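Q: Please take a close look at the aromatic pairs in this structure. How are the rings arranged, and what surrounds them?

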Amino acid sequence: SVPFHLSGENASILGTTANAAQFKERTVATVMAKAPKGQKFSYWKNEKNAVVSYQSTYSFVVTSDITLTPVFDSEDAALPSVALNASGTILKFGTKYRLSYSGVCSIPAGYKLVKRGIILINQPVNVENQAELDAFVIGGEINGTKVATCAVAGTSSQFISNINNVAGGGQLRVARAFLTYADKDGNETTVYSSNVVALTTP
């Protein structure tokens, strides 16, 4: 069995009143968060401070020891976010191709941009499959393929990530935007775009 823990208050694991449970590997666990008065649910984060879901009720496949923490904010507060433009570009340079992806960050007052860019993998990603989308994060792995990270230098809200020297003949690259930011206390959090963009070379 695989241990699973909840951290913080106003959260529960479906089927138990405890904040820790044991699950058989690859079974589905469901957590639920209820915001305190005057606050709203923001997201679930794991023990690495990576956002795993923006839904207050979150179901996922348990594959390893994990700790989830619900994050709440005041009802009128805005949090940093990142979006990936729905279309990319493919340009040919000699016998190779350049794939370009662009995104935009929103950093409200009180937060500081740490880094942003894209993560990349060379196989399809089904955004309707929550377990697959949850694995498409920094340090993640899908079907034995590790996710690559391509941070983009700079501090502007808009950014472009170019992937050079990609071979032709139907080479697939799927991207998702990420943003790592720090709050006023220096605590870092990584969030991801809700969409992915797939580009395939001719």
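A: In this predicted model, Y111 has a relative accessibility of 24% and therefore counts as partly exposed, since buried would require under 20%. Y181 has a relative accessible area of 3%, so this residue is buried.

A pair of aromatic rings is described by the distance of the centres and the angle of the planes. The structure holds four aromatic pairs. In one of them, the rings of Y58 and F60 are stacked, because their planes meet at 20° and stacking is counted under 30 degrees. The centres of the Y58 and F60 rings are 5.1 Å apart, and both residues are buried.

Y111 and Y181 form an edge-to-face pair, with 5.4 Å from centre to centre and 90° between the planes. Y111 sits in the loop between β11 and β12 (112-121), while Y181 belongs to strand β17 (residues 172-182), so their pair ties together parts that are 70 residues apart in sequence.

Ring pairs also link F41, W44 and F72 into a cluster.

Strand β8 (residues 66-74) runs parallel to strand β1 (residues 2-6), and three bridges join them; among the partners, L68 in β8 is bridged to L6. β8 belongs to an open sheet of five strands in the order β3-β1-β8-β5-β6, with mixed pairing. The edge strands of this sheet are β3 (20-23) and β6 (51-53).

Strand β11 (residues 96-106) pairs with β9 in the antiparallel sense over four bridges, and V104 in β11 stands opposite A83.

Methods. Residues are numbered from 1 along each chain as its sequence is written. This is a predicted model: local features need pLDDT of at least 70, side-chain atom pairs count only at pLDDT 80 or more; totals for chains, interfaces and linings use all residues. Side-chain values use heavy atoms; hydrogens and water are left out. Two strands pair if DSSP finds at least two bridges between them. Helices (H or I, at least four residues) and strands (E, at least two) are DSSP runs, numbered from the N terminus. Rings of Phe, Tyr and Trp (its six-membered ring) pair if their centres lie within 6.5 Å; planes under 30 degrees apart count as stacked, over 60 as edge-to-face and the rest as tilted. Buried means under 20% relative accessible area, exposed over 50%, partly exposed in between (1.4 Å probe, protein chains only).
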